[in-house]
Amino acid sequence: MSQNAVKIQPTSPILSVNNIEVVYDEVIQVLRGVSLEVPEGEVVTLLGPNGAGKSTTLKAISGLLKTEDGEVTRGDITFMGERIDKKNAEDVVRSGIFQVMEGRRIIEDMTSIENLKLGAYTRNDKHINQDIDMVFHYFPRLKERTGLAGYLSGGEQQMLAIGRALMARPKMICLDEPSMGLSPLLVKEVFAIIEKINKEQGITMLLVEQNANYALKAANYGYIMESGKIVLDGTQEQLLNNEDVKEFYLGGGNEERKSFKNLKSYKRRKRWL
Amino acid sequence: MNLELLIQLLVNGLVVGLLYGVIGMCFVLVYKSTQIVNFAQGEFLLIGAWVCWAALIYLDLPFFAGFLLSLVFMAAFGVLLQMIVLRPMIGEPIISVIMVTIGLSIFFQALMKWIFGVSPQSYPQVFNTETITIMGLNIEVAYLMSMAIALIIMVSFYFFFKHSKHGLAMRATAFDQQVAQSLGISVKQVFAMSWGIAATVSGTAGVVIGMVNGVSDSLSVMGIKVFPAVILGGLDSIVGAIVGGIIIGLLENVAEFVDSQWLQIGNMYDIAPFYVLLIILWFKPYGLFGTKDIERI
């Protein structure tokens, strides 16, 4: 991790993941020493190809790994000065991290309002109805959909899933591929709302994405993962201007037209470290 | 044709059907939230009824105090049973868990016989008047009370699952356990809660039936009778359990009537529900309200 040494962190991290290894079913090693830091109030993104271990990293943070027979075998995860890598998922939610799982996973046989109420399950205060209105303020179209959540469109379900996370009043939201299966316009809309929520509510976001373009534009800092390791990290600008990131993740690189002569007939392989 | 007898039987059928519905709801509740087919459902009735009986006879409590005591006992019993016996079975094959509940059923039946003996006992008289007459029909007060209790239980189930935080959490767990955990819901707690509720409500049904028929081993047969009801309604539908329960209750009594008037085969009352069970499994294996993709065992 030579890059880790030189990076500049403006604020102290709210979440730090230190050199974790994750093993599924006691034999399959998925993460091989992942370290990352999320500063308070910022959006950090985690990019990488399929199977790199992005979702596993998120599940290690949110504790959901334990529901899939996975285990953090080395390293530690600290959130607001408290170790959370041994905690159950429900206790992690109570300490302030809420994960919006991949594929939205709303409760389809309940109404939107019931889904939102469930988001507030860990709370005991009386302001739940106020917060439902707050969610409707961010996602006005959810207010019109009073039927079962299973009948919502994909984009609306994603909005409901993010709204449900807001209901928990978390310190940090982990979003696992919010753009999955959405049309380009909706992706744009969802990302705009994510940025808006981050700014207005001050909720820290850790964003796992395949859509590197949008993710990097929304994020202050980014990490790139490949086969269970962090291979590159940097600020938004550094990553957007990095030639490798351009080629592998952003596609096309510079805007100018290329002639066929310049196109490589093979995919360049890259050894990151 | 004896019209008065028919109406009397239909009233009985409705009362018994509502009780089947209540027991069926408990069965469905456990099945939905923990995916366990509870063969010890009938024993919950038996234990509830015996505990209430013991409280009335040995502790000499007034009826409602004894009733409440047995409810508290059953709630604790259900939760402990889940924590001690069934929690370690989480993740084991479905057939092992079923064997455990069958084992529990046999164990508790024997335990009750050991503690309270084999002869049926009746509750001390609860109501001063045995029957009242409504529109020319003689109806036992106990029947009216069981009907009222069944309806109260059904309405409170509705409000619990529709409006309370824990009810919503139980539905979420039934839908997807991983999502429930990601929302901060403790699945273990939900499991314990569903067994606690099932035991308490079944215990109530046990006391109510015990008031009419006396407390005996036959109460645990109710746990078997509830199978036709829940399979008719759909194994994972609470509404289905109620509808199925009422249909089976009415059907038993109509079968009894038809048999006594014309067929003279005998014992139709006990057998008819199981013919229905066979027919449903043939033609509509998921029941009236069941989800089509539930796992068959």
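Tutor: We begin with confidence: pLDDT is the predictor's confidence in each residue, from 0 to 100. This is a predicted model, and the mean pLDDT of chain A is 86, with 88% of its residues at 70 or more.

Student: Where in chain A does pLDDT stay under 50?

Tutor: That stretch is residues 1-9 of chain A, for which the model has eight contacts beyond four places in sequence.

Student: What makes up the secondary structure of chain A, and how much of the chain is buried?

Tutor: Chain A comes to 11 helices and 10 strands. Of its 273 residues, 44% count as buried. Among contacts in chain A with a separation of 6 or more, 70% are between residues 24 or more positions apart.

Student: Why is helix H2 of chain A called largely enclosed by the rest of the structure?

Tutor: A residue is buried if 20 or more other C-beta atoms lie within 10 Å of its own. Nine of the nine residues of H2(A), residues 54-62, are buried, so the helix is largely enclosed. The buried residues include A:Lys54 and A:Lys59, as well as A:Leu58 and A:Ile61. Just after H2(A), A:Gly63 takes a positive phi of about 85°.

Student: Which residues is A:Asp69 in contact with, leaving aside its neighbours within four places in sequence?

Tutor: They are A:Tyr24 and A:Asp25.

Student: How do you know that the span of helix H4 of chain B agrees with its number of residues?

Tutor: The expected span is 1.5 Å times one less than the number of residues. For the 23 residues of H4(B), 94-116, this should be 33 Å, and the end C-alpha atoms are 33 Å apart, so the two agree. The buried residues of H4(B) are B:Val97, B:Ser105, B:Phe108 and B:Met112, and they pack against helix H2 (41-57) of chain B. H4(B) is followed by B:Gly117, whose phi is positive, near 85°.

Student: What describes the packing of H9 and H11 in chain B?

Tutor: Helix H9(B), residues 218-233, and helix H11(B), residues 268-283, pack at an angle of about 35°, with their axes 9 Å apart. The crossing of H9(B) past H11(B) is left-handed. From H9(B), B:Phe227 and B:Ile231 are among the residues that meet H11(B), whose own residues there include B:Phe274 and B:Leu277. By class, this contact has 10 nonpolar, no polar and one charged residues.

Student: How many residues does each chain bring to the contact between A and B, and which helix of chain B gives the most?

Tutor: The contact takes 15 residues from chain B and 20 residues from chain A. Helices H6 (165-175) and H7 (177-182) of chain B each supply at least two residues of the side that touches chain A, and H6(B) gives the most, with six residues. By class, that side of chain B has seven nonpolar, five polar and three charged residues.

How values were computed. Residues numbered from 1 in each chain as written. Chains lettered and ligands numbered in written order. Predicted model: local features only at pLDDT ≥ 70, side-chain atom pairs only at ≥ 80, totals over all residues. Contact = placed C-beta atoms within 7 Å. Axes fitted to C-alpha atoms, helices over the stretch in contact; angles between N-to-C directions. Helix = DSSP H or I, 4+ residues; strand = E, 2+ residues; numbered from the N terminus. Left-handed = near helix turned anticlockwise from the far one by under 90°. Nonpolar A, V, L, I, M, F, W, Y, C, P; charged D, E, K, R; others polar. Buried ≥ 20, exposed ≤ 12 C-beta atoms within 10 Å, placed from the backbone.
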